[in-house]
Amino acid sequence: MRIGIAADHGGFTMKERMAAALTSTGHEVTNFGALQLDPTDDFPDFIIPLAKAVVGGQVERGIALCSSGVGASIVANKVPGVHAALITEHFSAHQGVEDDDMNIICLGSLVLEYSQAWELVQTFIAARFIGAKRHRRRLAKITALEREEKTS
C-alpha cells in the first residue's frame, strides 16, 4: 500500500520508527516531514501536505502524528475529502475505515507507546471500507457540507 506519514517535532521519533517498520513490511512510504527534529516546527506544515496527498490519490492512506494527535486530527480534517480521526484503541482503528471511510489515522506520540501505535496502524491499514448503503448516505452528507462550505 502507498502510505503517507507526517509529524511535527512531537511525533518525529515515532514517525521515523513507524516509517521504517512500514517500509520493512513492504509498504511504499512517502515521508511528508518533518525531515529533522526541530522543536520549533508546526504540525500544519506537514499534516496539510499529507492530507492533500491522500485526497489527491498520491497515497492511499495517511498517518499523522503529533504529541497528542489532536492538532493533527483538527488540521487534517480541514482538507475537503479527508476523513481523519484520533485513534487510541483497536475497535475505532478498523471501524473508522469500515464504516466511515477513514483515510488518515491520527496518533499521539505522548499518548501511546510505540507498540500500541504500531498495532493500531496495522489494523487501520488492513481495514477496508464496507460501503453499505447507510455508510454511503452518511458520507454523502459530509461531502455536501464540504461543498457548501467551499462555496460560502
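Reader: Which helix holds I74?
Author: I74 sits in a helix that covers residues 70–76. Helices (H or I, at least four residues) and strands (E, at least two) are DSSP runs, numbered from the N terminus. The helix of I74 is α3.

Reader: What kind of model is this?
Author: Residues are numbered from 1 along each chain as its sequence is written, and side-chain values use heavy atoms, with hydrogens and water left out. Local features need pLDDT of at least 70, side-chain atom pairs count only at pLDDT 80 or more, and totals for chains, interfaces and linings use all residues; the model is predicted.

Reader: What area does the nonpolar surface patch of V70, I74 and L86 have?
Author: Patch residues have over 30% relative accessible area and no salt bridge; like charges are joined within 9 Å, nonpolar side chains (Val, Leu, Ile, Met, Phe, Trp, Tyr) within 5 Å. Accessible areas come from the Shrake-Rupley method with a 1.4 Å probe, and for residues only the protein chains shown count as cover. V70, I74 and L86 make a patch of about 240 Å².

Reader: Which residues form the positive surface patch?
Author: Lys and Arg count as positive and Asp and Glu as negative, while His and the chain ends are not counted. A charge is placed at NZ of Lys, CZ of Arg, CG of Asp or CD of Glu. The patch is formed by K133, R134, R137, R138 and K141.

Reader: Is K141 buried or exposed?
Author: K141 is in helix α6, residues 133–151. Buried means under 20% relative accessible area, exposed over 50%, and partly exposed in between (1.4 Å probe, protein chains only). K141 has 57% relative accessibility, so K141 counts as exposed.

Reader: How many salt bridges does a search of the whole structure find?
Author: A salt bridge puts a side-chain nitrogen of Lys or Arg within 4 Å of a carboxyl oxygen of Asp or Glu. The number found in the whole structure is two.

Reader: How many residues apart are E60 and R2?
Author: E60 and R2 form a salt bridge, with the closest N and O atoms 3.7 Å apart. The pair links distant parts of the chain: E60 is in the loop between α2 and β3, R2 is in strand β1, and the separation is 58 residues.

Reader: Is K15 buried or exposed?
Author: K15 forms a salt bridge with E16, their closest N and O atoms being 2.4 Å apart. E16 is partly exposed, at 35%. K15 has 0% relative accessibility, so K15 counts as buried.

Reader: How far is the sulfur of C66 from the closest cysteine sulfur?
Author: A disulfide is a covalent bond between the sulfur atoms of two cysteines. The cut-off is a pair of cysteine sulfur atoms within 2.5 Å, and the search finds zero disulfides. For C66 the closest cysteine sulfur is in C106, too far for a bond, so the value is 7.7 Å.

Reader: What distance separates the C-alpha atoms of L22 and V121?
Author: L22 lies in helix α1 and is buried, at 0%. L22 and V121 are 99 residues apart along the chain, yet their C-alpha atoms are separated by 9.3 Å.

Reader: What kind of peptide bond joins G33 and A34?
Author: A34 is in the loop between β2 and α2. Omega between G33 and A34 is about 0°, and the bond is cis.

Reader: What is phi of D101 near?
Author: D101 lies in the loop between α4 and β5. D101 is partly exposed, at 29%. Its phi is positive in a residue other than glycine, near 55°.
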